[in-house]
Amino acid sequence: MTGITMGKALNLALHDALERDDHVVMFGEDVGKLGGVFRVSDGLQDEFGRERVFNTPLAEATIAALALGMAMKGFRPVAEMQFDAFSYPSFQQVTSNIAKYHTRTAGAVNMQLVIRIPYGGNIGAIEQHSESPETYYVHTAGLKVVTPSTPEDAYRLLAAAIQDPDPVIFLEPKARYWMRQDVELPAIPLPLDRANVVREGRDATLIAYGPTVQTALAAAEQGESEGVSLEVVDLRSLAPLDMDTLRTSVRKTRRAVVVHEAPVFMGLGAEIAAQLMHDLFDVLEAPIERIGNATIPYPPSRFEKLFLPDADRILEAVDRIREY
Amino acid sequence: MGVSDMAKALHARPQSQEGGDNPIAALLDENGVLTVEGERIADVSDEQLRELYRMMVIARRLDQEGLNLQRQGELGLWGPYVGHEAAQVGAALAMETTDWIFPYYRDFAMAVCRGIDPGGILTIFRGLTHGAWNPYEYRFAPFIIPVGTQVPHAVGFAVGCKFDHEQTAVLVGFGEGATSTGDWHEAMNFAGVFQAPVVFLCENNQWAISVPLNEQVSGRVVDRAAGYGFPGVRIDGTDVLTVYAVVKAAAKHAREGNGPFLIESVSYRMQPHTTSDDPTRYRTDADVEPWRDKDKDPVERCATRLRQRNAFDESFVAAVTQEAEERAAAMRQTVLTAQPAHPESVFNMVFANPPAALLRERDEFAASLEQGGAE
């Protein structure tokens, strides 16, 4: 299909999954007639009916728990959280029950469910609508956490997440919902644990995911015009991390910058930098740079661009590690 | 008319003790005990009542053995359920084998009634495993420790049963402390909205560790049901006949598509919350004493009912006591001889489809164990 948005790609992935397997169900707040606040479920209730695509009461903990119970019954639930910060009431169900249920039943019960969460900023929103909660989820063993950066990846990762027998936290970069791309459909599912080298380069590796992949690509483009060759790796999977791909890239470039919207403090960049430092200590030419938010609650939208990663901040970091 | 027909037959009956169209409430007197007429309608046979007695005696003996094992240092923890025997045995035996039960952590006797090996369950409390049975084999979900969080699981499962067009009821157990949680209220609301076939069983033992009922619950648990648009009853949770009859009727109500039902079963926690608790700091023996009365003790009370039916004799009691002793000994033997799995097995239960990264971590761990063993 030509020029579909990421929102539409997600909608199509849901559609195709609902069509393929009559035990796929999709639910959350406002996902019925409205089609969700981002219209990701647009038209699905009309086509598949109220027992396949349905509104729930406004209660995220029980939206997650409903997914657990229905997964146990043999369904493949896809639950929608309306916004990042609104997923927090479901945190106990996700961390204490969903992530541990397979272990708690010695492997007898599979949690084949997906929890979709729109995340990230850069949409000019009020408080609670721009958060990057990925560290909370990746720090919980028993969850798989993925995030797409393009419409095609969105389709292929969501298809994979719905088919997988384990719980998947599916983080959707809401600033990229309107990004367009030609996508050949139906596309085959992607592996849930592999990163993707989206641009090859020699001088440094930019490690990004979700909303910051396009930012990193823009920086690489600008870098090239300034004579710097930058490789860009899209993590796709945040848990587990595909360290093989990262090591291969950094072994080649010997320098790396991790770019995310989440606060730098204890962000994914910390883990990635620590692992690369450990594994490639003799190879690295400079410390790993990390770009992300300050240690503040997400700022008012008037200031958000000052705190979001952009090409200039990335290239300044590249300059620092090249001059180290 | 049998118990199984009770809910249906009485649907046309007028107002109940709790208000609203509640035929099950009409079977109960003001103390939440089956009336003579209710008992006639419930039509529980002598043999069924003897079975309830038998399982309660076994449950109580196993509880004593669990406590002994903990005191002897063989278990890390034990959560006694003395005072709950009628609620747990009555409810578990009232459910059809095709129904499901989502227990809370104290529902040990329910698990035993479902046929799960008690010695196997104790391996959880001995720290050998987090999961001791396959829920699909017994239609019995795992014990859930975060209070109240299992309640919406049961609702989700029940919604699935409904969407699969099954005639299945789902019973969920919890204490009165759980009714303070948001998850519990959300689950009640979802169950009403989706008309899920759930029987909510509150085992109100009047204590949440040290917090008494009047500091825990404003109003009455049973009255919450009306707010969520479905019926509920408060019953005397020390009378196994009442529990059995009411749960059976409520499950039928749910199974037949009439939506959820709330049962508040009131009894008393006779023992500490767990073996880590010290109730002398917050209640006196005088508080507990009235509940030791033979009219309040679930086992004694059932014996009285059996005597009234001339269905209680020395040989029956001797056989049941003997069986309870044997099962307690077998439970002890099973748990004390249970071998821990290889430590690396913990890596194998995290995911159904484990990522390569986790398998590498497992192999590194296994290699480090081997290395340690060689030194």
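This is a predicted model: local features need pLDDT of at least 70, side-chain atom pairs count only at pLDDT 80 or more; totals for chains, interfaces and linings use all residues.
Residues are numbered from 1 along each chain as its sequence is written, while chains are lettered from A and ligands numbered from 1 in the order in which they are written.

**Chain A: the two domains**

- In chain A, 23 residues of domain 1 are in contact with 20 residues of domain 2 (contact: C-beta atoms, placed from the backbone, lie within 7 Å).
- On the domain 1 side of chain A, the elements giving two or more residues are α6 (134-138), β6 (144-146), α7 (151-163) and β7 (168-173). Helices (H or I, at least four residues) and strands (E, at least two) are DSSP runs, numbered from the N terminus.
- That side of domain 1 of chain A divides into 9 nonpolar, 9 polar and 5 charged residues. Ala, Val, Leu, Ile, Met, Phe, Trp, Tyr, Cys and Pro count as nonpolar, Asp, Glu, Lys and Arg as charged, and the others, Gly among them, as polar.

**Chain A: a mixed sheet**

- Chain A has an open sheet of 5 strands in the order β9-β11-β10-β13-β14, with mixed pairing. Two strands pair if DSSP finds at least two bridges between them.
- β9 (196-199) and β14 (289-293) of chain A are the edge strands, each pairing on one side only.
- On average, neighbouring strands of this sheet are turned by 25 degrees against each other, direction ignored. Axes are lines fitted to C-alpha atoms, for helices over the stretch in contact, and angles run from 0 to 180 degrees between N-to-C directions.
- Strands β10 (204-208) and β11 (230-234) of chain A run parallel, joined by 5 bridges. A204(A) has L230(A) as its bridge partner in β11(A).
- Helix α10 (268-279) of chain A packs on the sheet and touches β10, β13 (256-263) and β14. Its direction makes about 155 degrees with that of β13(A).

**Chain B: the two domains**

- Chain B is assigned domain 1 (3-340) and domain 2 (342-375).
- Taken over C-alpha atoms, the centres of these domains of chain B are separated by 39 Å.

**Chain B: a parallel sheet**

- In chain B, 5 strands form an open sheet in the order β1-β2-β3-β7-β6, with parallel pairing.
- β1 (100-102) and β6 (232-236) of chain B each have a single partner strand, so one side of each is left without a neighbour in the sheet.
- Neighbouring strands here are turned by 20 degrees against each other on average, direction ignored.
- Strand β3 (198-204) of chain B is joined to β7 (261-266) by 6 bridges. E203(B) has S265(B) as its bridge partner in β7(B).
- Helix α8 (150-163) of chain B packs on the sheet, touching β1, β2 (170-175) and β3, at about 175 degrees to β2(B).
- Helix α12 (240-255) of chain B lies across β2, β3, β6 and β7, at about 170 degrees to β7(B).

**Chain B: a helix pair**

- Helices α6 (118-125) and α15 (314-337) of chain B pack at about 45 degrees, with axes 8 Å apart.
- α6(B) and α15(B) are therefore oblique to each other. Angles under 35 degrees count as roughly parallel, over 145 as roughly antiparallel, 65 to 115 as roughly perpendicular and the rest as oblique.
- Residues in this contact include L122(B) of α6(B) and M331(B) of α15(B).
- The contact residues of α6(B) with α15(B) divide into 5 nonpolar, 5 polar and no charged.

Conventions:
Domain bounds come from an automatic or database domain assignment.
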